[in-house]
Amino acid sequence: DSGTLLGLVRDGKLIKGDNDIDIGIESSELIRFLKVYEDCFINKYNHKKYYYKNRVYKVKLFSETHKKSIDINLFYKNDDFFFCPQVIYNEIKKSSYFLRTIRKISTIILEMKSNKNIHYDKGLIKYFVKMGFWKIPSKYIEKTNFIKIDEININAPVFKEEYLTERYGDWRIPCKDWVFCRDDGLFINNP
């Protein structure tokens with residue numbers, strides 16, 4: 001999903017400098033994913049669950065030995081779309097360096113205090129963030145097939161080029177200053 005899919009389709013590899021691997025799954029697959037995590041990855045990766053409105057919307061896998069974290073984004077079906085919440089840090093004017101710094105430090109501290117779960121709509125953290133969400137047409141999540149990258153089969157949307165166009169516009173040309181909550185064509189930042 002996201003930048004990971006973009007890099008694999010456009011460049012045949014992960015995007016240089018991207019600090020995570022993005023995987024999207026239907027929310028109904030969470031239990032199955034956690035079972036696979038316990039069976040295969042629990043000794044290699046730690047994890048945190050991210051909640052919004054008492055629903056898990058992301059599981060982040062991270063490790064001291066692996067450079068990239070893995071974000072498992074959970075998509076919830078509603079009619080002809082799938083939705084996945086995402087955090088948007090409340091905008092503070094560029095001229096207010098002090099406030100931006102305080103916000104960033106506070107958010108990091110609040111996330112670090114949480115060993116396994118982060119609830120973005122509870123406690124102090126809700127004052128530092130707002131939520132937006134991806135609204136993805138069902139055909140991109142329900143209709144998938146495998147693409148082969150470096151001898152590895154990766155499940156991707158059947159209409160991957162159309163999907164990437166809706167998300168990134170002209171995705172074939174790299175964009176250095178792309179910001180998901182501003183530029184993503186399938187992201188809604190004022191739910």
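Where is the place of K53? K53 sits in the loop between β2 (46–52) and β3 (55–62).

The model is predicted: local features need pLDDT of at least 70, side-chain atom pairs count only at pLDDT 80 or more, and totals for chains, interfaces and linings use all residues. Residues are numbered from 1 along each chain as its sequence is written, and side-chain values use heavy atoms, with hydrogens and water left out.

**Terms**

- Helices (H or I, at least four residues) and strands (E, at least two) are DSSP runs, numbered from the N terminus.
- Buried means under 20% relative accessible area, exposed means over 50%, and partly exposed lies in between (1.4 Å probe, protein chains only).

**Positive phi**

- Most residues other than glycine have a negative phi.
- K53 is not a glycine, yet its phi is positive, near 55°.
- K53 counts as exposed because its relative accessibility is 57%.
- S2 also has a positive phi, of about 50°, and is not a glycine.
- S2 belongs to helix α1 (residues 2–10).
- Is S2 buried or exposed? At 7% relative accessibility, S2 counts as buried.

- Two strands pair if DSSP finds at least two bridges between them.
- β2 and β3 are antiparallel and pair over seven bridges.
- Within this pairing, K49 stands opposite V59 in β3.
- The hairpin of β2 and β3 has two residues between the strands, and K53 takes its positive phi in this hairpin.
- β3 and β4 also run antiparallel, joined by four bridges.
- Here K60 stands opposite D71 in β4.
- How many of the eight residues of β3 are buried? Six are, which leaves β3 mostly covered.

**N78, in strand β4**

- N78 is part of strand β4 (residues 69–78).
- With 41% relative accessibility, N78 counts as partly exposed.
- N78 and S138 are 60 residues apart in sequence, and their C-alpha atoms are 9.0 Å apart in space.

**Salt bridges**

- A salt bridge is a side-chain nitrogen of Lys or Arg within 4 Å of a carboxyl oxygen of Asp or Glu.
- By this rule, the count is 11 salt bridges.
- R32 and E29 form one of them, with their closest N and O atoms 2.9 Å apart.
- R32 counts as exposed, at 59% relative accessibility.
- E29 counts as partly exposed, at 29%.
- K35 and D39 form a salt bridge too, at 3.2 Å from N to O.
- K35 and D39 are four residues apart in helix α2 (residues 30–41), so about one helical turn separates them.
- K35 has a relative accessible area of 47%, so K35 is partly exposed.
- E161 pairs with R172 in a salt bridge, and the closest N and O atoms are 3.2 Å apart.
- E161 lies in helix α5 (residues 160–168), while R172 lies in the loop between α5 and α6 (180–183), so the pair ties together parts that are 11 residues apart in sequence.
- E161 is partly exposed, at 42% relative accessibility.
- Which residues are linked with R167 in a network of salt bridges? D1 and D184 are linked with R167 in this network.
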